Amino acid sequence: MKEDNCLHAALICLGMLYYSHAITTEKMNHTRPSLHGHHEKGKEGQVLHRSKRGWVWNQFFVIEEYTGPDPVLVGRLHSDIDSGDGNIKYILSGEGAGIIFVIDDKSGNIHATKTLDREERAQYTLTAQAVDRNTNRPLEPPSEFIVKVQDINDNPPEFLHENYHANVPERSNVGTSVIQVTASDADDPTYGNSAKLVYSILEGQPYFSVEAQTGIIRTALPNMDREAKEEYHVVIQAKDMGGHMGGLSGTTKVTITLTDVNDNPPKFPQSVYQMSVSEAAVPGEEVGRVKAKDPDIGENGLVAYSIIDGDGMDMFEITTDYETQEGVVKLKKLLDFETKKSYSLKVEAANVHIDPKFISNGPFKDTVTVKISVEDADEPPVFLKPSYIFEVQENAASGTVVGKVHAKDPDAANSAIRYSIDRHTDLERFFIINAEDGNIKTIKALDREEIAWHNISVFAVEVHKQHQEAKVPVAIKVVDVNDNAPKFAAAYEAFVCENARSNQQFITISADDKDDSANGPRFIFSLPPEIIHNPNFTLRDNRDNTASVLVRREGFSRQKQDLYLLPIVISDGGLPPMSSTNTLTIRVCGCDSNGSMLSCNAEPYILNAGLSTGALIAILACIVILLVIVVLFVTLKRQKKEPLIVFEEEDVRENIITYDDEGGGEEDTEAFDIATLQNPDGINGFIPRKDIKPEYQYMPRPGLRPAPNSVDVDDFISTRIQEADNDPTAPPYDSIQIYGYEGRGSVAGSLSSLESATTDSDLDYDYLQNWGPRFKKLADLYGSKDTFDDDS
């Protein structure tokens with residue numbers, strides 16, 4: 001605080017000295033003007049005219065940041081017409097007038113009442129005027145003047161950024177530019193050294209330096225190694241007053257990172273790698289990994305691996321895992337412990353990208369030896385061949401040897417092997433294998449025409465290790481033997497025209513043989529020796545496995561013979577050959593003149609003389625008699641009566657007789673025939689019962705049966721009731737007789753119990769008591785209303 005007060009006092013003194021010098025200069029340069037002007041001689045006798053100046057003034061200065069107890073005197077205004085009697089009044093107007101700057105209206109002294117800051121405002125423009133104190137009349141025109149704020153060093157330098165970040169490649173030469181930092185000073189750069197800055201480095205030596213005037217940071221040491229130190233923190237200072245004592249300063253921090261260059265080759269941490277792999281491993285399986293260390297990063301640290309030498313170059317390969325920067329050794333081919341137990345590889349690791357600037361640091365690669373040992377594995381048996389093909393003749397005797405398979409244990413133990421056939425591939429068990437030596441034999445006769453190839457599988461299993469087994473396919477071909485005679489290729493049926501010409505061909509035949517081509521075609525066609533001179537037909541072998549049948553003579557008659565059977569002998573080309581006799585059916589047909597078949601049916605002889613009239617009449621009479629007999633037979637069938645006696649097994653307990661006729665009521669006497677209600681069986685006076693076997697013939701009493709053509713329905717029903725009541729053969733249960741007749745306009749009411757139960761009826765059903773035992777149940781239900789009430 002004490003130092004700041006001393007500094008302000010010194011500045012004020014400097015300002016006062018400057019102000020006194022300005023006033024003195026102004027007084028020397030200005031004199032009070034006269035009313036009529038003033039003449040001066042210039043160069044070479046030239047007369048200069050000078051304008052009248054009514055003010056005694058100059059440009060004023062005031063020091064910024066003045067903090068004294070009294071207002072600061074800025075300057076004094078004075079008019080030539082001011083005689084000092086106090087009649088003139090000075091007025092100040094303009095920027096800051098009355099607030100920052102005040103004027104003594106009598107003396108014209110101007111004072112600054114507030115502390116000024118040049119960085120906020122560097123100058124103020126004011127207007128002064130002299131007026132009559134009593135009348136306020138302007139005595140002179142107004143005049144402008146400027147008050148400048150005199151700068152002092154009150155602002156320290158400030159950097160554009162508080163922290164800077166920069167990169168520079170490692171191994172850069174001395175003086176390599178890294179970054180430029182810039183500071184600014186708010187003080188007046190045109191006045192003194194308040195804004196003159198000088199840069200210096202406070203932290204970061206001896207690695208970096210800074211240019212004092214520009215602020216450019218440069219490397220100061222050669223061969224800086226990123227792998228040794230990657231990041232540096234540098235502090236830069238900017239100081240005003242040209243860096244001299246008493247100047248203000250500001251600092252900033254710069255973080256400088258060394259970027260990587262490929263200046264380090266890859267190196268294996270060891271000279272030999274030991275690895276092992278089982279002989280049971282499959283190609284592509286990983287064996288092990290190697291890694292060369294490269295302290296560089298990014299693409300400068302990328303390493304590629306390769307096998308450049310060794311006896312295992314054909315058995316192994318190496319790839320690069322770029323995520324881990326490791327070399328992955330993989331199996332390339334199958335291994336065999338019994339053949340070779342170890343391998344050696346020479347692996348090279350080299351940088352992918354090389355910087356030519358640092359090629360002298362190379363070579364940028366390294367090599368290492370990889371030794372791989374093969375571990376023994378318990379392997380299954382191995383067949384000497386991947387598959388076997390054998391042949392055996394068909395119809396060979398049981399026990400015929402087909403072939404032999406052989407497998408061995410690849411392990412050092414060389415265990416014994418046992419063989420077996422996979423029965424899923426030999427379901428019918430045609431073959432058997434010797435478990436000890438692998439010989440395959442037949443146990444059934446083989447037929448090539450049924451199965452030409454047998455595909456079986458044979459297992460080989462170690463005797464002491466049943467889980468170790470191998471499987472091999474065996475294909476067995478059944479060799480053909482000529483054991484099938486040729487036959488017709490189709491069921492031939494030929495026809496020959498009655499008008500056929502001699503040596504005319506009418507059919508071509510071929511043959512088929514189940515044996516293969518060696519024992520089948522070529523086919524030979526011939527007629528049997530006994531009919532080789534057949535008078536009707538002859539055979540011609542076409543020598544292309546076909547034969548043509550020809551007519552030997554002219555003219556055939558269907559009336560004499562319409563069917564011929566021609567035996568044909570067919571022989572094959574096998575050793576020994578086989579033959580068969582096949583029969584060709586030949587029909588004689590009627591043909592037109594072009595040889596097209598019309599009919600092959602046998603036709604009756606046509607007599608030259610027609611039938612006589614008597615013969616025709618006899619034939620027609622016979623036909624009529626036959627028709628009459630048929631009609632009579634049908635009629636008798638329809639009129640056949642039912643038997644009078646019912647068999648015991650036809651004991652029907654309930655018999656319902658339905659008369660499906662409905663008349664017009666009692667008024668209908670013309671359209672209704674009572675005969676339709678009569679049982680035809682009862683016309684003779686006897687009605688058989690079908691629910692029981694009668695013990696004697698019951699004869700109804702005469703006079704009870706109404707006349708057949710009677711139309712008195714009431715008499716008919718009464719007669720039926722009496723017959724039912726007096727029938728001694730009636731069973732001890734009710735029998736329902738249904739008479740399907742109901743007339744229109746009948747005076748009799750309905751007996752329906754449904755209507756009776758739902759309506760209040762005044763009908764009296766007591767007369768039902770007189771109808772006999774058959775209606776006793778109805779009489780009990782409807783006969784007496786009082787009785788019904790009592791029962792309920």
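Colleague: Is Arg121 buried, partly exposed or exposed, and what decides it?
Modeller: This is a predicted model, so every value here is computed from it. Buried means under 20% relative accessible area, and exposed means over 50%. Arg121 has 34% relative accessibility, so it counts as partly exposed.

Colleague: Which residue forms a salt bridge with Arg121?
Modeller: Side chains of opposite charge can pair when their charged atoms come close. Here the partner is Glu95, with the closest N and O atoms 2.5 Å apart. Glu95 sits in the loop between β7 and β8, and Arg121 in the loop between β9 and β10, so the pair ties together parts that are 26 residues apart in sequence. Glu95 is partly exposed, with a relative accessible area of 30%.

Colleague: How many salt bridges are there by this rule?
Modeller: The count comes to 17. One of them joins Glu498 and Arg558, at 3.4 Å from N to O. That pair links distant parts of the chain, 60 residues apart: Glu498 is in the loop between β38 and β39, Arg558 in the loop between β42 and β43. Arg558 counts as buried, at 7% relative accessibility. Some salt bridges share partners, and these join Glu286, Arg289, Asp321 and Glu326 into one network.

Colleague: What about Asp426 and Arg423?
Modeller: They form a salt bridge too, with the closest N and O atoms 2.9 Å apart. Asp426 is buried, with a relative accessible area of 3%. Arg423 counts as partly exposed, at 25%.

Colleague: Now disulfides. How many does a search of the whole structure find?
Modeller: It finds 2. Cys497 is joined to Cys591, S to S 2.0 Å. Cys497 lies in strand β38 and Cys591 in strand β44, so this pair ties together parts that are 94 residues apart in sequence. Cys589 is joined to Cys600, S to S 1.7 Å. Cys589 is in β44, while Cys600 is in the loop between β45 and α2, 11 residues apart. Counting bonded cysteines along the chain, the pattern is 1-3, 2-4.

Colleague: How do I read a sheet order?
Modeller: Strands of a sheet pair through backbone hydrogen bonds, either parallel or antiparallel. Gln505 stands opposite Leu550 in β42.

Colleague: And helix α2: does it lie largely in the open or is it buried?
Modeller: Of its 26 residues, the number buried is 0, so α2 lies largely in the open. At 1.5 Å a residue it should span 38 Å, and its end C-alpha atoms are 38 Å apart, which agrees.

Colleague: Which residues make the nonpolar surface patch?
Modeller: An α-helix has 3.6 residues a turn, so residues three or four places apart point the same way. Leu616, Ile619, Leu620, Ile623 and Leu627 make a patch of about 480 Å². Leu620 is in α2. Leu620 is exposed, with a relative accessible area of 54%.

How values were computed:
Residues numbered from 1 in each chain as written. Predicted model: local features only at pLDDT ≥ 70, side-chain atom pairs only at ≥ 80, totals over all residues. Heavy atoms only, no water. Helix = DSSP H or I, 4+ residues; strand = E, 2+ residues; numbered from the N terminus. Expected span 1.5 Å × (residues − 1). Buried < 20%, exposed > 50% of the residue type's maximum accessible area, 1.4 Å probe, protein only. Patch = residues over 30% accessible without salt bridge, like charges linked within 9 Å, V, L, I, M, F, W, Y side chains within 5 Å. Areas by Shrake-Rupley, 256 points an atom, 1.4 Å probe, with all protein chains shown as cover. Salt bridge = Lys/Arg side-chain N within 4 Å of Asp/Glu carboxyl O. Disulfide = S-S within 2.5 Å. Pairing = 2+ DSSP bridges.
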